[in-house]
Amino acid sequence: VLSRKGLVAFDLDGTLLAGHSLDAFAKEWGFEEEPRERRKMLHEGTLLDTELALLVAKKFKDKTEQDVASVCSRVKIARNAKKTLQELKARGFKIALITCALSPIAEFFGKKLGADYVRAPPMRQKEGKFTGEVEIRMNKRCCSYALCKAKALRALARKEGLRIEECVAIGNSDSDVCMLRTPAFGVAINA
């Protein structure tokens, strides 16, 4: 699909990570039962992704970037993820991490994996600590997630001067559907 240049957009949880980052935070910060209950509610339709993002953001109140990095450093990256991204970059592709995981988590892994761009719901900070608030960037005409990944992908394509046909999207969950449908080539993995 892409021969010379382009942008490859990846989801984070379950795509580049072996599992969900939230599970590591739940274990470390003492709210282990909540992620399972919340995922069940999401699948039943009794909880929206935007509501989940707001609930999760509250768990970050008064935490620092160092607190987040400490937990992130224990999250396992999917086998061959880093090698795949390095190979794509070596071939001249731009790499984007587009995720509904909160921004401090996404930014940690974006740096660790060498992503050119990271797009995630941004957490607010005050005096070096997270406030427990997150900015929702939903596009009601497209999806009901905390971040419209299709909109983020289109904006990055424009920023890079690329046509959407020069982009690839890779993801594994319902929150990736709009992003997977946007470029000429979308790949659903581990779905």
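Student: Which residues does Leu 55 touch, not counting residues up to four places away in sequence?

Tutor: Leu 55 touches Arg 38 and Leu 47, where contact means heavy atoms within 4.5 Å. This is a predicted model, in which local features need pLDDT of at least 70 and side-chain atom pairs count only at pLDDT 80 or more, while totals for chains, interfaces and linings use all residues. Residues are numbered from 1 along each chain as its sequence is written, and side-chain values use heavy atoms, with hydrogens and water left out.

Student: Where is Leu 55 found?

Tutor: In helix H3. Helices (H or I, at least four residues) and strands (E, at least two) are DSSP runs, numbered from the N terminus.

Student: How accessible is Leu 55?

Tutor: Leu 55 has 28% relative accessibility, so it counts as partly exposed. Buried means under 20% relative accessible area, exposed over 50%, and partly exposed in between, with a 1.4 Å probe and protein chains only.

Student: And Thr 50, buried or exposed?

Tutor: Thr 50 is buried, at a relative accessible area of 11%. This residue also lies in H3. Leaving aside neighbours within four places in sequence, Thr 50 is in contact with Ile 136, Met 138, Ser 144, Tyr 145 and Ala 146.

Student: At what angle do H2 and H3 pack?

Tutor: H2 (residues 33–44) and H3 (residues 49–59) pack at about 165°, with their axes 10 Å apart. That makes H2 roughly antiparallel to H3. Axes are lines fitted to C-alpha atoms, for helices over the stretch in contact, and angles run from 0 to 180 degrees between N-to-C directions. Under 35 degrees counts as roughly parallel, over 145 as roughly antiparallel, 65 to 115 as roughly perpendicular and the rest as oblique.

Student: Which residues make the contact?

Tutor: Glu 34, Arg 38 and Leu 42 of H2, and Asp 49, Leu 52, Leu 55 and Lys 59 of H3.

Student: Changing topic, what order do the strands of the open sheet have?

Tutor: The five strands have the order S3-S2-S1-S6-S7, with parallel pairing. Two strands pair if DSSP finds at least two bridges between them. S3 (117–119) and S7 (185–188) stand at the edges with a single partner strand each, so one side of each has no neighbour in the sheet.

Student: How many bridges join S1 to S6?

Tutor: Four bridges join S1 (residues 7–10) to S6 (residues 167–171). Leu 7 has Cys 167 as its bridge partner in S6.

Student: In which sense do S4 and S5 pair?

Tutor: S4 (residues 123–126) and S5 (residues 129–134) pair in the antiparallel sense over three bridges. Their hairpin has two residues between the strands, and Glu 127 takes a positive phi near 55°.
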